[in-house]
Every structure is written in C-alpha cells, then in structure tokens.
Amino acid sequence: MNVTYATLSALAEPTRFNIVELLRDFGSMTVSEIAERLKLRLPQTSKHLHVLAEAGIVSAKVDANRR
C-alpha cells in the first residue's frame with residue numbers, strides 16, 4: 001500500500017477521518033446523509049469530501065442532483 005503525504009494530510013483532520021470511518025461502516029452515502037450523521041453543515045461536509053477525493057480516498061458517484 002502506497003500511503004502518500006496527501007493521504008496522511010487528509011486523514012489527519014479528525015472530521016475527515018470520521019467521514020472515512022462512517023463510509024467504511026455504512027458504505028455509499030449522500031453528502032446530506034454524511035452531514036446529518038456527523039452534525040455538520042452541507043458546505044463544510046462538501047469541502048471535507050473534496051479534500052478526501054483529491055487525496056484519492058473517496059470518490060463521488062453522480063445520480064441526477066445527488067452525489
């Protein structure tokens with residue numbers, strides 16, 4: 001497994017680590033579902049997911065207006 005600085009940096013933030021754990025435990029979820037479970041605002045959740053996606057940790061699946 002090739003762990004990069006970007007991966008470690010992304011996971012060093014506790015909220016992003018919690019998002020990864022949530023997705024590991026429950027599988028695919030919408031941004032709204034993640035925000036609701038972790039009691040985050042949608043823009044904040046989207047920003048964290050963007051960082052995780054840039055690091056190659058998560059990916060988004062587009063379904064109409066849902067991600």
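Tutor: Contact here means heavy atoms within 4.5 Å. With that rule, and leaving aside neighbours within four places in sequence, threonine 7 is in contact with Ala55 and Ile57. Threonine 7 sits in helix H1. Threonine 7 is buried, at a relative accessible area of 16%. Buried means under 20% relative accessible area, exposed over 50%, and partly exposed in between (1.4 Å probe, protein chains only).

Some ground rules come next. This is a predicted model, in which local features need pLDDT of at least 70 and side-chain atom pairs count only at pLDDT 80 or more, while totals for chains, interfaces and linings use all residues. Residues are numbered from 1 along each chain as its sequence is written, and side-chain values use heavy atoms, with hydrogens and water left out.

How confident is the prediction? The protein averages a pLDDT (the predictor's confidence in each residue, from 0 to 100) of 90. Of the residues, 91% score at least 70. Confidence is lowest in H1, at a mean of 91, and highest in H2, at 97.

Helices are DSSP runs (H or I, at least four residues), as strands are (E, at least two), numbered from the N terminus. H2 covers residues 14-26, 13 residues in all. From first C-alpha to last, H2 reaches 18 Å. That is close to the 18 Å expected at 1.5 Å a residue; the expected span is 1.5 Å times one less than the number of residues.

Now the ends of H2. Glutamate 13 caps the N-terminal end. A side-chain oxygen of glutamate 13 lies 2.6 Å from the backbone nitrogen of threonine 15. Just after H2, glycine 27 takes a positive phi of about 80°.

Which side of H2 faces inward? Its buried residues are Thr15, Arg16, Ile19 and Leu22. They cover an arc of only 115° around the axis, which puts them on the same side of H2. The arc is that of the directions from the helix axis to the C-beta atoms. On the other side, Pro14, Arg24 and Asp25 are exposed. The buried residues of H2 pack against helix H1 (5-12), helix H3 (31-38) and helix H4 (42-54).

At 19% relative accessibility, threonine 15 counts as buried. Its contacts beyond four places in sequence are Leu40 and His48.

Histidine 48 looks back from helix H4. Histidine 48 is buried, with a relative accessible area of 10%. Beyond its sequence neighbours within four places, histidine 48 is in contact with Glu13, Thr15, Arg16 and Ile19. So what links histidine 48 to arginine 16? Their side chains make a polar contact at 3.3 Å. A polar contact is a pair of N or O atoms within 3.5 Å; within protein, one must be able to donate a hydrogen and the other to accept it, and residues adjacent in sequence count only if both atoms are side-chain atoms. Histidine 48 also sits 8.6 Å from alanine 10, C-alpha to C-alpha, although 38 residues separate the two in sequence.

Next, the nonpolar core. Such a core is a set of buried Ala, Val, Leu, Ile, Met, Phe, Trp, Tyr and Cys residues joined through side-chain atoms within 4.5 Å. The largest has 10 residues, among them Ile19 and Leu22. H2, H3 and H4 are the elements that give two or more residues to this core. Alanine 10 and methionine 29 belong to the core as well. Methionine 29 lies in the loop between H2 and H3. At 15% relative accessibility, methionine 29 counts as buried.

Finish with H3. Its buried residues are Val31, Ile34 and Ala35. Seen down the axis of H3, they fall within an arc of 95°, so they line one face of the helix. They pack against H2 and H4. Valine 31 is buried at 19% relative accessible area. H3 is followed by lysine 39, whose phi is positive, near 55°. Lysine 39 is not a glycine. Lysine 39 lies in the loop between H3 and H4, and is exposed at a relative accessible area of 74%.
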